[in-house]
Amino acid sequence: MELTAKEPKDPYLRIENIRKTFGDLVALDDISLTVGDGEFVTLLGPSGCGKTTLLRIIAGLEQHNRGEIFQAGRNISRLPPRQRDYGIVFQSYALFPNLTAARNIAYGLENRKRPKDEINTRVEELLKMVGLPDVGHKYPAQLSGGQQQRIALARALAVSPGLLLLDEPLSALDARVRISLRLEIKDLQKKLGVTTVFVTHDQEEALVMSDRIVVMNLGTIDQIGTPLQVYREPASPFVADFIGMMNFIPGQTNNDPCSIRCGSLALRCIESDSIEPHSPVTVAIRPEDIRLRVEDPTGANIISAKVKALEFLGSFNRLTLTLEGMDEFPVVAEVSIHRMRDMFIHEGSSFPVQLPPEQLRIYPGKVGIKS
Amino acid sequence: MSAPAVSLRIGRFGERVVSQRLGFEDYLRRFLFIIVGLGLVLFMIYPLFRLLMRSLENRGGEFVGLDNYVIYFTSAVNRASLINSLNISFQSMVICVLLAFIYAYGLSRVPLVGRRIFQGVAMLPIFIPSLVQALAFIYIFGNNGIFTRVIGINIGIYGATGIIMSEVFYAFPHAFIILSTALALADARLYEAAEALRTKGVRMFLTITLPGVKFGIMSACFVVFTLAITDFGAPKVVGGDYNVLATDIYNKVIGQQNFEMGATISTLLLIPAAAAFILDRIVQRRQVAMVSSGIKPMSPKKHQPLAQIIVYSVIALVTIYIIGVYFTVLVGAFTNFWPYDMSFSLKNFSFYVAGAHHRAGAVHVLWNSVQMAFLTSVFGTIIIFGSAYLIEKTRNLNVPRSLLYLLSIMPLSIPGMVLGLSYIFVFNIPASPLYAVYGTMTILVINTVIHYYTVPFLTATTALKQMDKEFEYIGESLEAPFYRTFMKVTVPVALPAIIQIASYLFLNAMVTISAVVFLFVPGNELAALSVMLLDDAARSGQAMALSLLIIVTGFTARGLFYLMMRGAQKKTQEWTIG
């Protein structure tokens with residue numbers, strides 16, 4: 001997985017300076033974004049961040065206040081939905097309940113007045129493609145949620161749209177079905193090479209499925225990047241907190257901005273550009289990056305810690321550690337079950353830990369973040 | 001990245017949007033909006049406006065301000081009928097809602113054999129024109145009634161007593177439906193929790209049952225009050241010299257040709273009806289908020305002996321009351337000369353309705369009614385469901401949508417007499433091009449559709465709201481014109497609701513009197529209207545016979561609709577169960 005996201009040179013979908021308001025509420029504020037041909041881009045964010053609104057604007061189901069949208073070089077900003085070229089899948093499946101699975105898939109083809117034989121062949125092909133060759137004669141209510149969503153996907157893809165829009169398609173499904181279906185969707189998308197915009201609030205789905213992730217918050221884009229990029233180099237504390245777990249420690253830079261005071265501790269970091277000397281900062285580190293029970297006492301940022309609480313989470317444990325000299329900000333570390341056994345860690349045990357300088361991310365200012 | 005805070009301050013209506021290019025379908029939608037809107041304006045708003053203006057004019061057509069109202073209120077006789085109207089409506093409301101509540105409570109909460117039968121009994125009055133039960137009560141309790149003659153007690157049916165008895169009967173199904181629905185929404189878990197806390201039956205009733213159906217009771221009160229105050233048939237037949245607003249309008253217009261005073265009283269009648277309507281809308285909005293999903297339905301259980309006795313007595317009383325009316329009509333229709341010669345006879349069925357210039361037989365008037373009901377049902381269903389679809393399933397166009405919604409719920413607040421009279425002021429003007437429809441079946445159909453517009457409209461809206469709003473989006477993304485998705489998906493899925501609407505319109509059109517009493521011309525008398533004419537001519541045996549024919553027609557239609565419904569449900573079941 002590559003770490004840096006390339007802006008597609010000749011994007012298939014280009015969104016420029018989109019603004020959308022609902023009464024006094026600014027739902028989208030100057031959003032710009034490009035999606036390359038065949039790319040899978042995810043709009044990720046908490047509810048109310050504007051991701052679904054953006055998708056609906058791309059679909060023409062919502063009218064924006066300002067900005068332009070280009071698809072395959074054509075300005076579609078003012079086109080009604082039926083003149084745009086996309087297939088869409090909703091969380092609710094929205095299969096027509098009175099039509100069989102096959103007739104649902106055929107619906108778009110019938111609108112284009114294709115010959116009957118061609119439609120039937122195409123429907124068979126699509127049913128096979130989504131792995132449900134035998135359910136064509138069944139009605140939606142006779143299918144499971146996962147099956148219904150596959151049919152909805154087939155219906156959207158039947159007319160070979162240039163763009164596939166997925167509006168939280170997995171959110172209504174059981175956890176197990178969700179996991180298998182997200183891989184299937186991704187495989188299918190890769191095979192067909194259809195440009196896809198996917199909306200979700202589930203960071204795991206975003207990380208697994210996307211070529212690039214657009215992290216949105218309060219109507220703005222916080223970061224656009226590959227899954228690895230947004231995970232390893234979150235551009236803001238919001239992104240860091242929303243994707244995966246993150247420890248935040250408030251601090252203050254010294255003369256040398258690479259030296260940070262946190263409580264009575266002094267932490268070294270290597271990232272220094274854009275950080276001013278003598279200014280408040282927030283130090284962030286992922287739980288899995290905290291090294292436990294370090295033997296070599298000469299490294300940087302080695303602190304003695306005590307296990308305050310221990311949560312068993314199956315294959316790994318989550319430890320809440322109090323760091324000496326920084327009692328009021330306990331940090332969370334994660335460790336696999338067998339490492340834990342090897343290191344004799346249990347509730348109440350004390351040992352030195354390291355916050356490796358290269359794993360620390362520094363954000364300017366004190367950020368109000370839930371611990 | 002975020003814009004300066006100032007830009008967040010925007011006007012009430014928000015910023016302008018980048019509007020989408022309009023295509024054929026958008027123009028078609030707009031065209032349909034305009035058609036329905038214009039229709040409602042032309043056939044409802046404009047006539048009402050004419051009526052209102054007419055109430056401010058004298059006979060010569062000169063504007064006289066509120067003079068007519070002053071004249072109205074200076075007359076003690078006039079004031080009396082206003083008081084009478086309020087009096088009988090209030091009493092009918094209290095009695096009807098009380099009986100309907102106990103009846104509905106018994107059917108849903110108390111152990112009972114033959115529940116389905118009693119449910120059917122409660123609905124029986126809808127097949128009878130409002131004046132027929134009044135006729136039946138006269139047959140039983142009138143000066144020559146069977147009860148009066150056999151028992152020897154005259155309860156003085158003519159006047160308030162008879163009107164109230166009739167209105168209670170007439171409004172009973174409406175109150176029953178509302179209260180049954182409200183009672184069905186109760187959550188058994190509340191009662192289980194109360195029982196776990198050892199709550200007594202009476203306390204449970206007062207703290208859980210009553211608050212739960214509070215809005216239902218209020219709604220039922222408004223509906224019964226409105227039905228009673230706007231009803232014309234019963235006061236016409238059994239009122240005697242006890243005048244109410246509805247009969248006053250009739251007497252002024254038909255008896256004295258005093259259209260100005262008719263318009264004035266109509267405007268006065270609009271006020272309580274509209275007030276009840278507005279209050280009901282407010283109450284219903286709050287009721288919706290109370291309905292939570294996933295309630296556990298109640299099952300009947302034993303109550304204290306006294307409570308059970310009361311419930312069973314009310315159920316028995318109401319059943320006797322309703323069946324009694326039907327029975328009286330049945331016997332009356334086949335009786336030679338009630339009450340003097342009770343021998344069996346078919347002669348009542350052979351009659352002519354004596355119009356001013358025309359004579360029409362039973363088959364003729366019945367056929368007129370069936371035609372009218374059929375046309376009302378077909379066109380009404382298409383227009384009402386179509387406009388509900390337009391309002392519910394159109395993106396954007398928010399202003400036209402809310403305007404059309406408002407126009408669509410207004411008819412419920414317009415009494416039939418008022419609507420009918422207002423049509424005279426628009427369509428019975430020989431110089432006007434609209435005169436062409438006066439005296440035709442067309443105007444009777446239009447009038448009846450408007451009169452009964454709102455209830456089916458709300459039924460359609462509810463059915464459409466229950467449908468996934470994304471069907472339309474999917475259709476659009478697949479380049480289906482909206483009318484294709486409408487025909488292929490919306491209509492099939494909403495078919496049960498559509499049949500229900502058609503049935504409602506048909507049955508109401510069969511029994512309506514108040515709205516069409518001013519609009520018929522000799523030759524197109526409707527059956528229910530002819531019952532009134534026969535009764536006016538003191539030919540009550542024939543009135544009974546014709547009533548029976550109306551009831552039989554209603555039952556037949558209901559049966560056909562039931563079969564259609566069964567067919568639709570079978571189809572729906574095909575989609576829903578494996």
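Predicted model: local features only at pLDDT ≥ 70, side-chain atom pairs only at ≥ 80, totals over all residues.

Along its principal axes, the C-alpha trace of chain A spans about 75 × 45 × 35 Å. Of the 371 residues in chain A, 43% are buried. And how do contacts reach along the sequence? Among contacts in chain A between residues at least 6 apart in sequence, 66% join residues at least 24 apart.

Now look for a sheet in chain A. It's an open sheet of six strands, and if you read across it, the order is S6-S7-S8-S3-S9-S10, with mixed pairing. Strand S6 (86-90) and strand S10 (220-225) of chain A are the edge strands, each pairing on one side only. On average, neighbouring strands of this sheet are turned by 15° against each other, ignoring direction.

Let's zoom in on strand S3 of chain A, which covers residues 40-44. Which strands does S3(A) pair with? On one hand there's strand S8 (residues 195-200) of chain A, paired with S3(A) in the parallel sense over five bridges. You can pick out individual partners here: Phe40(A) has Thr196(A) as its bridge partner in S8(A), and Val41(A) has Val197(A). On the other hand there's strand S9 (residues 212-217) of chain A, again paired with S3(A) in the parallel sense, over four bridges. There, the bridge partner of Thr42(A) is Ile213(A).

Follow the chain onwards from S3(A) and you come to Gly48(A), in the loop between S3 and helix H1 (51-59) of chain A. Buried or exposed? Gly48(A) falls in between: it has 15 other C-beta atoms within 10 Å, so it counts as partly exposed, since being buried takes 20 or more and being exposed means 12 or fewer.

Next, where do the two chains meet? In total, 34 residues of chain B are in contact with 38 residues of chain A. On chain B's side, the elements giving two or more residues are helix H19 (470-477), helix H20 (482-493) and helix H23 (540-576) of chain B. The largest share, six residues, comes from H19(B). Sorted by class, this side of chain B has 15 nonpolar, nine polar and ten charged residues.

Now move into chain B and find helix H5 (residues 130-141) and helix H7 (residues 160-184). Their axes come within 9 Å and cross at roughly 130°. That angle makes H5(B) oblique to H7(B). The crossing of the two is right-handed. Ser130(B), Gln133(B), Ala134(B) and Phe137(B) in H5(B) meet Gly162(B), Met165(B), Ser166(B), Phe169(B) and Tyr170(B) in H7(B). By class, the residues of this contact are five nonpolar, four polar and no charged.

Our last stop is helix H17 (residues 441-451) of chain B, which is mostly covered, with nine of its eleven residues buried. Among them are Ile443(B), Leu444(B) and His451(B). The buried residues of H17(B) pack against helix H1 (24-54), helix H14 (362-392), helix H16 (416-427) and helix H21 (495-511) of chain B.

Finally, look at Thr440(B), in the loop between H16 and H17 of chain B. With 14 other C-beta atoms within 10 Å, Thr440(B) is partly exposed. Thr440(B) and Phe520(B) are 80 residues apart in sequence and 7.9 Å apart in space, C-alpha to C-alpha.

Methods. Residues numbered from 1 in each chain as written. Chains lettered and ligands numbered in written order. Contact = placed C-beta atoms within 7 Å. Pairing = 2+ DSSP bridges. Nonpolar A, V, L, I, M, F, W, Y, C, P; charged D, E, K, R; others polar. Axes fitted to C-alpha atoms, helices over the stretch in contact; angles between N-to-C directions. Parallel < 35°, antiparallel > 145°, perpendicular 65-115°, else oblique. Left-handed = near helix turned anticlockwise from the far one by under 90°.
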